[in-house]
Amino acid sequence: MKRIPSVLIVLLCLAGFLSNGQTPYFQQYHPLRRNQPVQVNALLQDTTGFLWFGTDQGLFRFDGSSFRQFHMRDSLQAHQITALAEDSLGRIWLGHSNGLVSRLDDGMIVPFEPREGSAVEAVSDILFDRRGVMWFSTRNDGLYYYLNDRLYRVDEAEGLPDLFIYDLFEDGDGNIWAGTDRGIAVCSLVDGKLTVRVIDSDDGLPDIIVRKIKQLGDGLIGLATEDAGLVSYNPQTEEAKAVLGSAWDFGSINDFVVKEQQLWIASPRRGLIVYDRDIDRAKVYSQSQGISLHSINTLLRDSEGNIWSGLKTGLVRTLGDAIEHFDIPRAGSDNNVLAVAIDHRERIWYATGEGLFVWEVGNRGSAAVTRKLQHTRFSNAPVISLYVDPEGYVWAGLYGDGLLRIHPDNNEVIHFDKELRNGNILSIAGRGDTVWVATLGGSTCITLENGKYRFRNFSSADGLSSDFIYQVFVDSEGRTWFATDGKGVSMLDANGFHHYEEGLPSRVVYSVVEDSNHDIWVSSQDHGIFLLRDGQFVKVPELRLRDNTIQALSADAHGNIIAFHNFGIDVYDVNRQQMRYWGEESGIRDKEPNLNAVSVDRFGQLFAGMTRGILKFSLSNDRTIARPQPAIDEVRVYGQHIDLEHMPRLKYNENNLTIHYLGFWYHSASNLNYLYKLENYDLEWIATRNREVTYSRLPPGDYTFKVKVSDTDNFADAREATITFSIQPPFWRTGAFYVVVFALFVISAYAIMKYRERSLLRDKLILEAKVEERTREIQQKTEEIQAQNEEIMAQAEEIQGINENLEMLVKQRTEELEKKNKALEEYAFINAHKLRSPVASILGLVNLLAKADQKDDTKAIREHLKQSADKLDDVVRSIQKAIEKADNKYL
Amino acid sequence: MMPRNTLCSFFSAFLLLVSVPFALQAQKKYAVTRANMSFTSNAELELITAASEKVQGLVDPSTNQFAFSVDLKTFQGFNSALQREHFNEKYMESDKYPRARFSGKIIEPVDLTVDGTYEVRAKGELDIHGKKQTRIIKSKVTVHHGTLDLESRFFVPLADHNISIPTIVSQKIATEIEVEFKASMSLQSL
């Protein structure tokens, strides 16, 4: 291959013009209404992750999706916020344009009013040193510090070189550096005694106006000066050195931040300067999407690596320059870029429907675009593929008209057409002296032999699986891979062609790449990316694409597989098995990558031809691997804010909790997914996109609320925020209460027992007494009874005596009576037998008289005598009867 | 280290003590004898220039403090009388804010009583259109036998001073106005 003449030949700059069309995406934010400008003077990210903006319209807090404005007391109303700081307790402090310092307290901005009064000029910076001493600097009123409840002022008397202080900085030894108009005052406060040392031109400072002081890394301190640019100062050797190698011509510096190897510098005259320390290059972004970047007051690099710019009229954020958008500069021109290649002078060759162009970036960020192939017969030929060979020649594949080899400087063009099997060049690749082209009629290998190009054509007849080849790729072992339309992948090595298609759902393969481990990856139509392993295509589960329609595929030297699709760029780190995504948040919107229109420069930066312009992707410019950071913002109990961190114990009736959580992911705040779980309550993690959850009627217990956040639906590496609290049981369900109740029970049982015991004892005693009494009584009775018995016995004896006596008496009487009865019987016998016979003879004589005639007087005397004799008979008879009766009775 | 209020009162007493004899000794200040201030608006469609010689100013070599002011209505030039009228009435509102001022101190510790040429940076408040901005302006100062020649060029962004340009004329008026200032001053007792 011919060497390019070393003498630079004057370019054919027929259509050259300057442009600033190469910028990363700057997202604009509007704390107030969209058209209401806000002057942002101070930026701060607190330890939780919130961003704070000190503005001319007050203080704002931002979480990525919404702004919260904090209102000030009347005394502060009219004064802008010019400085912000966070103390060790996480409180936000504000400095104002009238010299006042205030603090955010419970959502209100309240003035800090030390007894000594306040400063009289605008506060330029506030700093809490490692011991907790508050320092604040003013614009023309010196330096102040607050120690042991007293405010002290540092001025010329203490050796301060100037009262106008721009910035404060604490070095590794705890000294406070103040950047002034007359050098740096290094203040050290030891045992309440302040000493000031001045660093100025006598110490080698190239400029004494020091506007910003920040850590540069490697023990160096960066000084932003008025006229000498950015100076790095080594506090050990006390050496000052300009950071940018060349003479500084960007004017004064308002602020700067360090983002890995880059320094982002705000220059009022030029805009935002990005200086790469690794490659010693600076570029300037003066405006983006119509936003002027000249008026940056302050810069902040947040924990995700975003660069925030506080402007005089608003606020912008950029994720960095990993992605830069090249807008095709000419209005109305076709900006659909079909092919891109980077030549050896880092110029970007690109082809649109209008022709072939070269974009040349100047040192200062400006760009000149030159049209190529003008005044040749190919001026209107559609270029659809580009390749730069190791010699520096640019190869341009035409659509139907073959292949051009263009000298990058003198524009000499060689045309190949007849040598090729087909003139539709879809892709060009190469290695060393070999150039491969993929066409719609097979592939052609072009080699330079003895100063002449030799062509070898391959078609399906030679072993290619298809004649329609989207891409040709030469791997590190010199094997040539062909991505075919419908027939998988063909590979040509020393042994000939090999075919691979097993495992591919679609046999249409767009692109083949090789990773740093020498593995082959392909993109298949609508089915994403496959790894070729042991002759088969396999899906890698960790490789999760947001879109399977991959338009362009690339791999870098660090093991990344980079896929371009319509939603942005997906990068898979083969070694870490991690995905990273870039999309709309980086400004990739309304533009889609064109098929295989991607090219890599020598720094590993990718350039992709898009339907609108060119997109530059530089992974090395985005080394910050950030993940969304979850935080628990607020916990409310029945709608009332409570500070759970300091009071994690809730009462039993404070069991209706609303937990507000969020994820900090400033570059794509709306795309967050959350998983949360209340340990001891929820059984599983719960997926949501909400930023709050309410738990009602939580039973008493210990709880830990955990929330994870991810910008994808994969939570494997997601960070977690937790908050622990407990709901106390009501007093009647506490252990203590149980103990008390038990104790009471025991005590009362004991008391009852005791009482019973005592009463029993008492009863026993009473009973005993009674028993004794009774016993006594009984004894008494017994005795009585005994006495009675004895008496009775005595009586019985007596009775017996009496009876005996009676019997004797009865015997006596009976004997007497028997004697009387004998007498009576004798009497009766006499009566019956001796008395009755005379009476019966009288009665016979009376009856004989009655028969003799008797005179009347003698008759009456006989009658009377008969009557009297009858009466005497009756009496004798009755006596007889009575005696007979008695005989019968007693006999 | 003393608390601030004690310190302040102490300091003012000290200043009073030292400043009286100092003021008596070094009363001489540089005052403008001849000056020219011109400005240029180099817009896409129109170039406008105007100048004034009615500049007043003092530089105190003992403190290196300075003050300059210019009567805006005395600017002459412009491309038309109407333009001048617009300058005074619409943009600068010269009736309301008749003068533009710049006062402050010289940052570099130069001795302006000693002959020589000095590149200095003047820092102060630039007051235009009633809006003050802290500015650092580079100047070249030549001191020769009690005279001081001053040359300076700087830019004034209109937005800094709340001067708004209607969109319709935005291509005729630059957003940054270039100002060139030259003055001869002599040491005078005041």
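This is a predicted model: local features need pLDDT of at least 70, side-chain atom pairs count only at pLDDT 80 or more; totals for chains, interfaces and linings use all residues.

Residues are numbered from 1 along each chain as its sequence is written, chains are lettered from A and ligands numbered from 1 in the order in which they are written, and side-chain values use heavy atoms, with hydrogens and water left out.

**The contact between chains A and B**

Select the residues of each chain that touch the other, where contact means heavy atoms within 4.5 Å: 28 residues come from chain A and 18 residues from chain B. The area buried between the two chains (the accessible area, with a 1.4 Å probe, that two parts lose on being put together, summed over both) is about 1,900 Å², and carbon and sulfur atoms give 50% of it. Now highlight A:Glu116, A:Arg153 and A:Arg182, which supply 23% of the area that chain A buries against chain B, more than any other three residues.

Next, show B:Arg121 together with A:Asp207: they form a salt bridge, their closest N and O atoms being 2.4 Å apart. Between chain A and chain B the count is 7 salt bridges, each being a side-chain nitrogen of Lys or Arg within 4 Å of a carboxyl oxygen of Asp or Glu.

On the chain A side, by class, there are 10 nonpolar, 3 polar and 15 charged residues, where Ala, Val, Leu, Ile, Met, Phe, Trp, Tyr, Cys and Pro count as nonpolar, Asp, Glu, Lys and Arg as charged, and the others, Gly among them, as polar.

**Two loop residues of chain B**

Move to B:His129, in the loop between β7 (116–128) and β8 (131–144) of chain B; helices (H or I, at least four residues) and strands (E, at least two) are DSSP runs, numbered from the N terminus. B:His129 has a positive phi of about 55° although it is not a glycine. Is B:His129 buried or exposed? Its relative accessible area is 9%, so B:His129 is buried (under 20% is buried, over 50% exposed and in between partly exposed, with a 1.4 Å probe and protein chains only).

Finally, select B:Phe78, in the loop between β5 (76–77) and α2 (81–91) of chain B. B:Phe78 counts as buried at 10% relative accessibility, and its phi is near 60°, a positive value in a residue other than glycine.
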